[in-house]
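Visitor: I would like to go through this model with you and ask, at each step, what a given word rests on.
Guide: Gladly; let us look at it together.

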Amino acid sequence: MTTALRQPRLLPVPAVALWSYQKVRTPSLRIGPDGIYHEGTENRDEEGQLWPQVRGSQTGAPQYAVMNPLKQRQAMKRLLCQVGMGPATRTEYGVLWVLPRPTGSPEDPEYDWDQGVTTTEPPVCRFHARVSAYQCPRLRTRGHVAVFVREAELVAVEGTYYPPPSIGVRPIKTALPIDSPDTRLMVADRLVRRLRATTPVDLTDRILARGALPCTRRTPAKSR
């Protein structure tokens, strides 16, 4: 469901946003029998996928249109809110997502929820959902679609693919199935989930916002 939102009073910077004093860096790579690697400390996830390094402090100006690849990986893998990095809202209808509204053009067709919609956008909690819809440049200018999602399978990895030297092809930006052996020749920068079985959400609904707490707020321990 697409809605127009007023600017929230408080605008925390989304945790997945890269800051101007941060740089995404990939050291010089080598190709070995098990894929690409670089000398020194490597950043690999639990599946052995190589990721770039993020250097610098979270200072300067937030780059809302650019995601920190390591924060994006963490949020997508663990289904964390992209703004607060706490648990995303989960109900009987699924996990809450806010996505850019498609233009309906051949390059950006309407979402086909029956086939599934792929996205690199992490989910959100209901407290930060309006912030996400307003802060993200694409969501603010194009409008948004908010949905609860019951099926959100990890299906692909986006990044820079380095073909073997024998192929004679330059590195290319692409997406590969997450279980493809070719991911060993990729420096990843985003995880991709396919969203299915959705229920539309109106972010201006007062019932949805009622009692919503920041996802980073700890629940008080129950007394014995």
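Guide: Two strands are said to pair if DSSP finds at least two bridges between them. Please keep in mind throughout that this is a predicted model.

Visitor: How do you know that strand 12 and strand 14 pair, and in which sense do they run?
Guide: Strand 14, residues 186-200, is joined to strand 12 by 13 bridges, and the two run antiparallel.

Visitor: Which other strands are joined to strand 12?
Guide: Strand 10, which spans residues 94-100, pairs with strand 12, residues 144-161, in the antiparallel sense over 6 bridges, and there Leu-99 stands opposite Val-145 in strand 12. Strand 13, residues 172-177, is likewise antiparallel to strand 12 and joined to it by 6 bridges, with Tyr-161 standing opposite Ile-172 in strand 13. These strands belong to a protein chain that has 4 helices and 14 strands.

Visitor: Why is Leu-195 called buried?
Guide: The word buried applies under 20% relative accessible area; Leu-195, placed in strand 14, has a relative accessible area of 0%, so it is buried. Leaving aside residues up to four places away in sequence, Leu-195 touches several others, among them Trp-97, Leu-99, Trp-113, Val-117 and Val-149. The C-alpha atom of Leu-195 is separated by 9.7 Å from that of Val-147, although the two residues are 48 apart along the chain.

Visitor: What makes Val-149 count as buried or exposed?
Guide: Val-149, which lies in strand 12, has 2% relative accessibility and therefore counts as buried, the cut-off being under 20%. With residues up to four places away in sequence not counted, Val-149 touches Tyr-93, Gly-94, Val-95, Trp-97, Leu-195, Arg-196, Ala-197 and Thr-198.

Visitor: Why is Ala-197 called partly exposed?
Guide: Partly exposed is the class between buried, under 20%, and exposed, over 50%; the relative accessible area of Ala-197 is 24%, so Ala-197 is partly exposed.

Visitor: Where is Leu-79 found, and how do you know whether it is buried or exposed?
Guide: Leu-79 is found in the loop between helix 1 (69-78) and strand 9 (90-91). At 16% relative accessibility, Leu-79 counts as buried, because the limit is under 20%. Leu-79 also has a positive phi of about 55° although it is not a glycine.

Visitor: How do you know whether the radius of gyration of the protein chain agrees with that of a compact globule?
Guide: For 224 residues, a compact globule would have a radius of gyration near 17 Å, and the protein chain has 19 Å, so the value agrees. Taken along the principal axes, the C-alpha atoms of the protein chain fill a box of roughly 60 × 45 × 40 Å. Of the 224 residues, 42% count as buried.

Visitor: How much of the contact in the protein chain joins residues at least 24 apart?
Guide: Among contacts between residues at least 6 apart in sequence, 76% join residues at least 24 apart.

Definitions and conventions. Residues are numbered from 1 along each chain as its sequence is written. This is a predicted model: local features need pLDDT of at least 70, side-chain atom pairs count only at pLDDT 80 or more; totals for chains, interfaces and linings use all residues. Side-chain values use heavy atoms; hydrogens and water are left out. The radius of gyration is taken over C-alpha atoms; the globule rule is 2.2 Å times the number of residues to the power 0.38. Buried means under 20% relative accessible area, exposed over 50%, partly exposed in between (1.4 Å probe, protein chains only). Contact means heavy atoms within 4.5 Å.
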